Amino acid sequence: MLGRSRVVVLCLLAVLPLLAAQGQKARIVCYFSNWAIYRPDVGRYTIDDIPAEMCTHIIYSFIGVDDSNYQVLVIDPEVDLEQSGFRNFTDLRQKYPHAKYQIAVGGWAEGGKKYSEMVAQKERRQSFIASVVQFMKVYNFDGFDLDWEYPGAADRGGSFGDKNTFFYFVEELRRAFDREGRGWEITMAVPVANFRLQEGYHVPELCENLDAIHCMTYDLRGNWAGFADVHSPLYKRPHDQWAYEKLNVNDGVQLWVNYGCPPNKLVVGVPFYGRTFTLSASTTNPTLGSYINKEAGGGDPGPYTNATGFLAYYEICTEVQDMEKGWTTKWDDVGLCPYAYKGTQFVGYEDVESLEHKMNWIKQKGYAGAMTWAIDMDDFHGLCGPENALMKVLYDGMKDYVVPEPTITTTPRPEWNRPPSTVATEDDGRPSMSPSKRPATTTTTARPRPTTTTAAPIPTTTRRTTTRTTTRKPVTILPPEPEDSGEDREPEPAPASPEREDESEIDCSGYKDFVPSADCTRYYRCVHGQPVEFTCKPGTVFHTALNVCDWPENADRIECRTKAKLLEDLADK
C-alpha cells in the first residue's frame with residue numbers, strides 16, 4: 001500500500017510542472033462607462049446591467065487627476081458618490097466573486113497636460129499614489145487601470161520627458177501596491193501606433209511592472225483620416241497606404257511584442273461600437289476608402305449615444321437588420337469586419353462573425369485574452385437577437401482558453417539604453433503625514449463646477465483631524481515630533497559618529513570606481529586600484545545608485561535619511 005502511495009505522489013509531482021507550463025487563464029476584460037446611465041430610454045445602462053458572469057475583470061471608467069493637489073479626482077460625484085456608484089460596483093463581488101473590480105484613471109476627455117505635470121515631479125507622483133492607495137481601500141477595488149492618452153504626446157498636452165517620468169510613476173505605483181500586500185493589479189490601456197510608443201512608452205520595463213496591457217486596437221480609422229473605412233481591421237488591406245499600412249489589429253499588437261512585451265501580457269481590445277462617416281455628395285458606389293465630407297465631423301448622431309461619428313452596436317444592428325430602412329451591408333474580406341451604408345451615411349463596425357475571427361486569432365497568437373470598450377454598447381436588451389450578443393462571443397471564445405507561455409525570445413535591452421529606475425524609498429506612495437492622522441479625502445468635480453468632498457473613512461479608523469501644510473527645509477527628513485510636552489522623557493544619548501573603515505578593507509578590485517562608506521557622508525573612489533576618500537558637502541549624503549552627493553530625503557539607504565540630519569545638528573551645535 002505504501003508503495004502505491006509513493007507511485008501516486010511521484011506521478012503528481014511529474015504532472016504538476018506540465019500543468020503549470022500550460023499557462024494562465026485568459027482574461028475577459030469589460031470596461032464600463034459610468035456616463036451610460038445618462039443615455040435615454042433603452043440606451044440607459046446601469047451597474048445592474050453588467051454581465052459580470054462573463055467577465056474576469058470589470059473596469060469602472062473613469063476617475064481623473066486633480067491638478068490643484070495631485071490627488072484622485074472624482075469626475076462625477078453625483079453618480080459615483082451620492083448615488084454610490086463606486087460602492088455598488090464593487091458590491092457586485094458578493095454575487096460574482098470570481099471577477100476582479102478595477103478603477104480606471106484618465107480617458108480621452110481628461111487630456112494629457114495634468115498627467116504630464118503630475119508625473120514630472122516625485123512629490124506630485126507620491127501625492128497621487130498615496131491618494132490612489134487610500135481610494136482603493138475606501139471603495140474596495142481590486143485593481144487600477146492607467147488610461148493616460150498619451151504620455152509624450154505633444155498634441156495631447158504631453159512633454160518630451162514623459163517617457164521617463166511615466167515609467168518612474170509606474171515603478172513607484174507598483175512598489176506602493178506591493179507594499180500593501182492586497183494583491184492589487186495594475187493594468188494599462190495603450191495605443192498601437194508606432195509613433196505613440198516611441199514618444200511615451202518604455203515597453204519592456206513597463207510590461208515587467210504591469211499585470212496586463214490592454215491594447216486599444218480600435219479607432220484606427222475615423223473622420224480625421226479623410227476617408228470611410230472600418231476602424232478595427234484585423235489585417236492590412238490593399239487600399240491601406242502610408243501610416244495606415246501597419247495600423248491594424250494584427251500589426252498593432254505585434255508591435256508591442258517587437259518592442260519586448262511578452263504576448264501573455266497583451267489583451268486585445270475590440271469595440272462594441274462603430275465609427276461613422278458622411279460621404280461626399282459625389283460618391284455613388286461607396287466602398288472602403290471612399291471620399292467623405294470631412295467637415296461634417298462624422299456620421300449622424302445615434303438616438304441614444306448622441307455623438308457625431310459614433311454609433312453603439314445596438315444603434316447599428318437595429319438599423320442594418322431592418323430591410324425597410326434601406327441599408328446596404330458589406331464585408332471586408334481582408335480586414336474581416338462588416339460595414340454598411342445608406343445615402344451619404346457610412347459605418348464600419350464589429351458583429352458576431354467579425355469577433356469570432358478575432359477570438360480565434362487571439363488564441364492562435366497566444367495573447368492574454370480579449371477586452372471590450374465598452375459593455376454598455378452591446379445589444380444588452382436583445383433588440384436584434386440574444387441579449388449581449390457580442391459579449392457572448394468574447395466569453396465563448398475565451399472561457400476555456402488557457403494562455404500559453406511565450407515561445408518567442410527577445411533581445412534584452414542593452415544597459416546603456418535602459419531607462420534609469422527610481423530608487424525605492426519609505427515614502428513611495430505614502431502621504432507625508434502618518435496615515436492614522438490624515439483624513440480620507442477625495443477631490444471631486446461636481447456639476448456644474450468643481451467641489452471637494454470627503455470620502456467615507458477607512459473602516460478601521462474613526463478619527464478625523466485637520467491636515468496642515470508646512471514648508472520644510474530640504475534636508476529635514478525626520479518623522480513629526482511627538483505631541484507630548486516631553487517633560488517626563490529621559491534625555492536621549494547623543495548619537496555617536498560613524499566609525500571609519502580601514503582603507504585596507506576597501507575593495508577596489510576589477511573596474512570599480514565609486515565605493516560607498518558606512519558613513520553616509522563619505523565615499524571612496526578607486527584610483528589605480530587604491531581607495532581615495534571624499535566627503536560630501538554639509539547636509540548631503542552619498543547616493544550609492546547615482547554616485548552623487550544628494551539631499552538625505554533622496555537617499556537610497558534608509559539609514560542615511562536620518563543619520564546625516566543628526567550629524568548636521570551636532571555640527572551646528
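This is a predicted model: local features need pLDDT of at least 70, side-chain atom pairs count only at pLDDT 80 or more; totals for chains, interfaces and linings use all residues.

Visitor: Which strand is joined to β15 by five bridges?

Guide: Strands are DSSP runs of E, at least two residues; helices are runs of H or I, at least four; both are numbered from the N terminus. Two strands pair if DSSP finds at least two bridges between them. Here five bridges join β9 (residues 266-271) to β15, and the two run parallel. Strand β2 (residues 27-33) also runs parallel to β15, with four bridges. R27 is bridged to G369 in β15.

Visitor: How many residues of β15 are buried?

Guide: Buried means under 20% relative accessible area, with a 1.4 Å probe and protein chains only. In β15 (residues 369-373), five of the five residues are buried, so the strand is largely enclosed by the rest of the structure.

Visitor: Which residues lie on each side of β15?

Guide: In a regular strand the side chains alternate between the two faces of the sheet. In β15, G369, M371 and W373 are on one side, A370 and T372 on the other, and both faces are covered.

Visitor: Which residues of helix α11 are buried?

Guide: An α-helix has 3.6 residues a turn, so residues three or four places apart point the same way. In α11, the buried residues are S354, L355, K358, M359, W361 and I362. They fall within an arc of 165° (taken from the directions from helix axis to C-beta atoms), so they line one face of α11. Their cover includes β9, β15 and α12 (389-398).

Visitor: How many aromatic pairs does the structure hold?

Guide: Rings of Phe, Tyr and Trp (its six-membered ring) pair if their centres lie within 6.5 Å; planes under 30 degrees apart are stacked, over 60 edge-to-face, the rest tilted. The structure holds 36 aromatic pairs. F89 and Y101 have ring centres 5.6 Å apart and planes at 85°, so they are edge-to-face. They link helix α3 (residues 85-90) with strand β5 (residues 100-106). Both F89 and Y101 are buried. Y339 and F346 have centres 5.4 Å apart and planes at 20°, so this pair is stacked. F346 is buried, at 1% relative accessible area.

Terms used
Residues are numbered from 1 along each chain as its sequence is written. Side-chain values use heavy atoms; hydrogens and water are left out. Buried means under 20% relative accessible area, exposed over 50%, partly exposed in between (1.4 Å probe, protein chains only). Contact means heavy atoms within 4.5 Å.
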